[in-house]
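Biologist: I have not looked at this one before. Can you take me through it?
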Amino acid sequence: MIQETSKIWMDGRFVDWKEAKVHVLTHTLHYGLGVFEGLRCYKGAKGSAVFRLKEHVKRLFDSAQIVQIKIPYSPKEIEEAILGTVKVNRLQECYIRPIVFIGYGEMGLYVQKNPIQIAIAAWPWGTYLGDEGIRNGIRAKISSFTRHHVNISMTRAKVTSYYANSQLAKREVKEAGYDEAILLDTDGYVAEGPGENIFIVRNGTLKTTPLTSILEGITRNSIIQLAQEKGIPVAQERFTRDEIYIAEEAFFTGTAAEITPIREVDGRVIGTGKPGEITQLLQTLFFDVVAGKDPVHQSWLTYVV
């Protein structure tokens, strides 16, 4: 269950958590056209800070641009609303969910007069795939569900309806006894998880799938930069499911998942079956950044004051 907090920002003002409601005929509820983001606020040595706030807000606006939704606020106003939501709820660490959706009015596929509404909620939420998963890795399975083709849904956008596909993939593998799914693209190459990007380590090179058919993950981009700064070779190229099987290491990245090692895929143990050296290094670097311990990447943090 979500741990309720006090206030949710809705359309320019704070309302009580239990009063943050919409009409049952809200357009996005029926047709799925809305965009959203997921951010985290971490408590560090210098106080609480939101990780890569500007980048997440930019991606929210980019998603809206792609699907032709005009957000009735500026990026700066949304940034301030996000920080205000954390502050008004007196949260030191939390997950933050901004969502932009088409409100109540006309019904049908093509509407022009319905209001564009925005809500921002924040609540305490631990590691998405579990603390045990962060420490020791998780078991993943290739899903029979395929990642959307780039001409079916525009994969640069973080659209609410796209996650129906992710839910089906997740349900499938969970019922088979696994922790998380891995989706292939329409050409049969590895794409990503239901809500995460994926990396492998093979022959000392860190590989991740190119942006052709995946969401451009902000944690993904951060890990690429951190790895390059440490001299780790990085390749953004396609790879097949059987290359995961013979990789030395594998892990997921994402706002919710953070850096979660993968110890097994389709019954094959990955590497030694434990988080590998590069994975552990990148975990350490990432958690140092979000805790405010890394002076080089202070610009990635926006402090809640």
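This is a predicted model: local features need pLDDT of at least 70, side-chain atom pairs count only at pLDDT 80 or more; totals for chains, interfaces and linings use all residues.

Biologist: How many cavities of 30 Å³ or more does a search of the whole structure find?

Modeller: The search finds three. A cavity here is a set of points, on a 1 Å grid over the protein atoms alone, where a 1.4 Å probe fits but cannot get out; a pocket is an open set with protein on both sides within 12 Å along at least five of seven lines; lining residues have an atom within 4 Å of a point. Grid points are joined across faces, edges and corners, and a volume is the space filled by probe spheres set on the points.

Biologist: What volume does the largest cavity have?

Modeller: About 60 Å³. Its lining includes E248, E249, A250, P261, I262 and R263.

Biologist: Which strand gives the largest share of that lining?

Modeller: β15 does, with three residues. β14 (249-254) and β15 (258-265) each supply at least two residues of the lining. Strands (E, at least two residues) and helices (H or I, at least four) are DSSP runs, numbered from the N terminus.

Biologist: And by class?

Modeller: The lining of the largest cavity has five nonpolar, three polar and four charged residues. Ala, Val, Leu, Ile, Met, Phe, Trp, Tyr, Cys and Pro count as nonpolar, Asp, Glu, Lys and Arg as charged, and the others, Gly among them, as polar.

Biologist: What lines the second largest cavity?

Modeller: D185, V190, A191, T209, P210, T212, S213, I214 and R238 do. The space in this cavity is about 40 Å³, and its lining divides into four nonpolar, three polar and two charged residues.

Biologist: Let's stay with V190. Is V190 buried or exposed?

Modeller: V190 counts as buried because its relative accessibility is 2%. Buried means under 20% relative accessible area, exposed over 50%, and partly exposed in between (1.4 Å probe, protein chains only). V190 is in strand β10 (residues 190-192).

Biologist: Which residues does V190 touch, not counting those up to four places away in sequence?

Modeller: Among them are I182, L184, I198, T209, F239 and I244. Contact means heavy atoms within 4.5 Å.

Biologist: How many residues does helix α3 have?

Modeller: Helix α3 (residues 75-88) has 14, and reaches 20 Å from its first C-alpha to its last, close to the 20 Å expected at 1.5 Å a residue. The expected span is 1.5 Å times one less than the number of residues. Buried residues of α3 include I78, A81, I82 and L83.

Biologist: What comes after that helix?

Modeller: α3 is followed by R90, whose phi is positive, near 55°. R90 lies in the loop between α3 and β6 (94-102), and R90 is exposed, with a relative accessible area of 78%.

Biologist: What about E258?

Modeller: Phi of E258 is also near 55°, a positive value in a residue other than glycine. E258 lies in strand β15 and counts as buried at 5% relative accessibility.

Notes. Residues are numbered from 1 along each chain as its sequence is written. Side-chain values use heavy atoms; hydrogens and water are left out.
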